[in-house]
Amino acid sequence: MKIFTPKNFYTPEQVGGQMSANYIAIARGSTIRQAMSELVRQAGENDNIATLYVVEKDGTFHGAVDLKDLILAREHDSLEQITRTDYPVVPAREEVETAMEWVTDYSEDSFPVVDEDRRLVGVLTAPHVTHLMEAEMEEDYAMLGGLTAQEDLQEPIVKSVKKRLPWLVILLGLGMFVSSVVGAFEHVVAALPLIVCFQSLILDMAGNVGTQSLAVTIRVLMDPQVTGKEKLRLLGKEAWVGLLNGLILGILSFVVIGGYLLIRGEVLGVVLTVCLSTGIAFLASMVISSITGTAVPIVFQKCGLDPAVASGPLITTLNDLTAVCTYYGIAWVLLHLIVL
């Protein structure tokens with residue numbers, strides 16, 4: 001039974017561009033016997049029979065019937081009695097990303113897609129929903145990696161280069177700035193060469209913490225119901241998490257690095273300078289990295305940009321800058337207080 005043929009055009013970014021015509025439609029007012037006959041007739045072309053959709057004569061969606069309820073119904077029962085009129089529907093012109101945010105809250109095996117007049121134009125089945133969610137996750141993952149879109153094996157090399165190069169140029173500039181900051185502390189390195197040995201440790205941990213906060217924040221921001229107050233609470237929570245983790249790791253690094261340097265026979269003043277520099281830098285950089293990894297995607301979203309654009313490489317580079325300043329700044333102060 002052909003109920004309605006949509007004349008509207010839906011782009012791939014909209015739900016209507018992703019829907020399937022694999023569904024069973026039953027006319028409202030049918031008897032149980034007529035519904036069963038229609039099911040058998042349409043099942044030859046459409047195998048998505050777990051849920052049957054009840055429509056008006058003009059194709060307007062009325063409700064849904066579970067196959068199990070239809071099988072258990074008696075011949076004299078009314079189809080209306082087993083029809084769910086509150087069944088969730090998906091607007092055909094809805095953006096895929098927005099639709100997926102609330103579709104996942106339901107446990108249905110398929111979702112009817114309706115146009116502006118609520119006429120049934122297709123369905124989203126469970127495999128469709130899974131595929132679309134995977135596609136959205138892959139896109140976010142690509143953007144976290146500093147890409148502007150998903151790449152695949154078939155994409156031309158030149159096109160891939162054009163996608164990545166803008167980010168790499170920006171990160172190159174930030175990286176050169178980080179290097180210049182390190183150069184500004186050349187006198188610290190000259191007076192205490194040992195300080196360089198633990199630089200990568202501070203930078204790596206700062207980058208890891210920032211990336212963790214970024215991932216948590218993006219996952220929270222996917223919920224359109226999140227309020228500004230909840231975002232501020234998330235920022236505060238991540239700052240506290242960074243503070244506690246930094247405190248624990250700072251104490252641990254102070255003990256481990258101090259023991260290692262004492263075993264090597266280093267002067268006590270040098271040992272205290274290096275240990276305090278790494279310990280305090282751990283604490284400060286992890287707090288700053290947690291705040292940065294949380295605040296940047298929130299700001300991006302506030303500016304109307306996709307939070308996933310706050311990519312991992314960008315956050316890592318910003319955290320490298322703050323970690324370097326903190327680490328060598330503390331070392332410079334301690335050199336004057338302890339060693340010199």
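Predicted model: local features only at pLDDT ≥ 70, side-chain atom pairs only at ≥ 80, totals over all residues.

Biologist: Let's start with two helices. How do α8 and α9 pack against each other?

Modeller: Helix α8 covers residues 228-263 and helix α9 covers residues 268-302. Their axes lie 7 Å apart, and the angle between them is about 160°.

Biologist: Why is α8 called roughly antiparallel to α9?

Modeller: Angles over 145 degrees count as roughly antiparallel. The angle here is about 160°, so α8 is roughly antiparallel to α9. The crossing of α8 past α9 is right-handed.

Biologist: Which classes of residue make up the contact of α8 with α9?

Modeller: That contact has 22 nonpolar residues, along with 11 polar and 2 charged ones.

Biologist: Now for the salt bridges. How many does the structure hold?

Modeller: There are 7 salt bridges in the structure. One of them joins R28 and E56.

Biologist: What makes the pair R28 and E56 a salt bridge?

Modeller: The side-chain nitrogen and the carboxyl oxygen must be within 4 Å. In R28 and E56 the closest N and O atoms are 2.7 Å apart, so the pair meets the cut-off.

Biologist: Where in the chain do R28 and E56 sit?

Modeller: This pair links distant parts of the chain, 28 residues apart. R28 is in the loop between β1 (24-27) and α1 (32-42), while E56 is in the loop between β2 (51-55) and β3 (61-66). R28 and E56 also belong to a network of salt bridges together with E80.

Biologist: How do you know that R28 and E56 are partly exposed?

Modeller: Buried means under 20% relative accessible area and exposed means over 50%, with partly exposed in between. R28 has 41% and E56 has 27%, so each counts as partly exposed.

Biologist: What about D86 and R84: why is their contact called a salt bridge?

Modeller: Their side chains meet at 3.8 Å, N to O, and the limit is 4 Å, so the contact counts.

Biologist: Is D86 buried or exposed, and why?

Modeller: D86 is at 60% relative accessibility, and the cut-off is over 50%, so D86 counts as exposed.

Biologist: What makes R264 and E266 a salt bridge?

Modeller: Their N to O distance is 3.2 Å, so the pair is within 4 Å. R264 is partly exposed at 45%, and E266 is partly exposed at 25%.

Notes:
Residues numbered from 1 in each chain as written. Heavy atoms only, no water. Axes fitted to C-alpha atoms, helices over the stretch in contact; angles between N-to-C directions. Helix = DSSP H or I, 4+ residues; strand = E, 2+ residues; numbered from the N terminus. Parallel < 35°, antiparallel > 145°, perpendicular 65-115°, else oblique. Left-handed = near helix turned anticlockwise from the far one by under 90°. Nonpolar A, V, L, I, M, F, W, Y, C, P; charged D, E, K, R; others polar. Buried < 20%, exposed > 50% of the residue type's maximum accessible area, 1.4 Å probe, protein only.
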